Amino acid sequence: MSVRPWDPGNPGGLLATVKGAALVVLGSAAHVRSATAVRTACIEAEVPYLDLYDDVASASSALAFAREAEEAGVPLFVGCGASPGLSSMLAVDAARELDSVQSVDMLWTSGDHARADRRALDDLLSMVVAVPSRHGRPSMPGRSSTGGAGERYARRGGGHPAALTLSRGLPAAVRVHGSGRPVLGLLARVAGTCDGEPAVVIRRTPADAEGAIPLNDAAVLAGTACAAFAMLALDHAAKWKGVLAPEDWADPEAFYSAMERTGVHPADIVETVV
């Protein structure tokens, strides 16, 4: 593996940089122009591409490459960081326990301990809704919290690509709502039915990780998740083509195993709330 500088204004040099790579991981600051240049070069060089961007603009621009990448037989793995990425795996994992899925809410947590009691969590989650704007896109509904000292669950919509990507992996969901950038941890709440009855399943990253790589820092969380997705992509890239969000191609159990391979203790990756 190597890290190389590149100039998005020099397509020829960029193409020479990516040629022959097993996988190109774009880790620069989120910028549509940069991502477009690298994706174009990867398609031309027939090299798999992966990024960890978490913004709507990047996800939208990636989807515009779908036909071109499909025809070239090249996979473009997008949104492979913390949220989307790890949060997507939590949502898909939770959804597997249900017979049908009606809604998906993905949240980030902040505070000293990133935990809340069950009553406070239920109260907050009952308030999470996606509010359509007059243009038909999710609006920014603001934030909610449990109100406990040093304890907060927050959510933010509108600037998160989950509604663009996760609805493809869970097409029956009538509502998909995503959070903003993660701080201390991630939580996915999936509502639907099980055995004909309403049911809710929640997956989250444990709050008090104490392993070799504690996932209580936003940069560590995103970087570790990206490394795990990169390992999966290197193992299975030949199976895929086109533009792929995490839920389109990665299996949660395989992803958790890849997280372990980065040095994260299994107990520090995911836990079930209900």
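How many of the 274 residues of the protein chain count as buried, in percent? The share is 49%, where buried means under 20% relative accessible area, exposed means over 50%, and partly exposed lies in between, with a 1.4 Å probe and protein chains only.

Hi everyone, a quick word on what we have here. This is a predicted model, so local features need pLDDT of at least 70 and side-chain atom pairs count only at pLDDT 80 or more, while totals for chains, interfaces and linings use all residues. Residues are numbered from 1 along each chain as its sequence is written, and side-chain values use heavy atoms, leaving out hydrogens and water.

Let's start with the fold. The protein chain has 10 helices and 10 strands; these are DSSP runs, with helices (H or I) of at least four residues and strands (E) of at least two, numbered from the N terminus.

Now to the aromatic rings. Rings of Phe, Tyr and Trp (its six-membered ring) pair if their centres lie within 6.5 Å; planes under 30 degrees apart are stacked, over 60 edge-to-face, and the rest tilted. The count is 4 aromatic pairs. One of them joins Phe 77 and Trp 249, tilted, with 4.2 Å between centres and 40° between planes. This pair links distant parts of the chain, from strand E3 (residues 75–77) to helix H9 (residues 246–249), 172 residues apart. Both Phe 77 and Trp 249 are buried.

Finally, the cysteines. Taking a disulfide as a pair of cysteine sulfur atoms within 2.5 Å, the count is 0. Cys 42 is buried at 0% relative accessible area, whereas Cys 194 is partly exposed at 26%.
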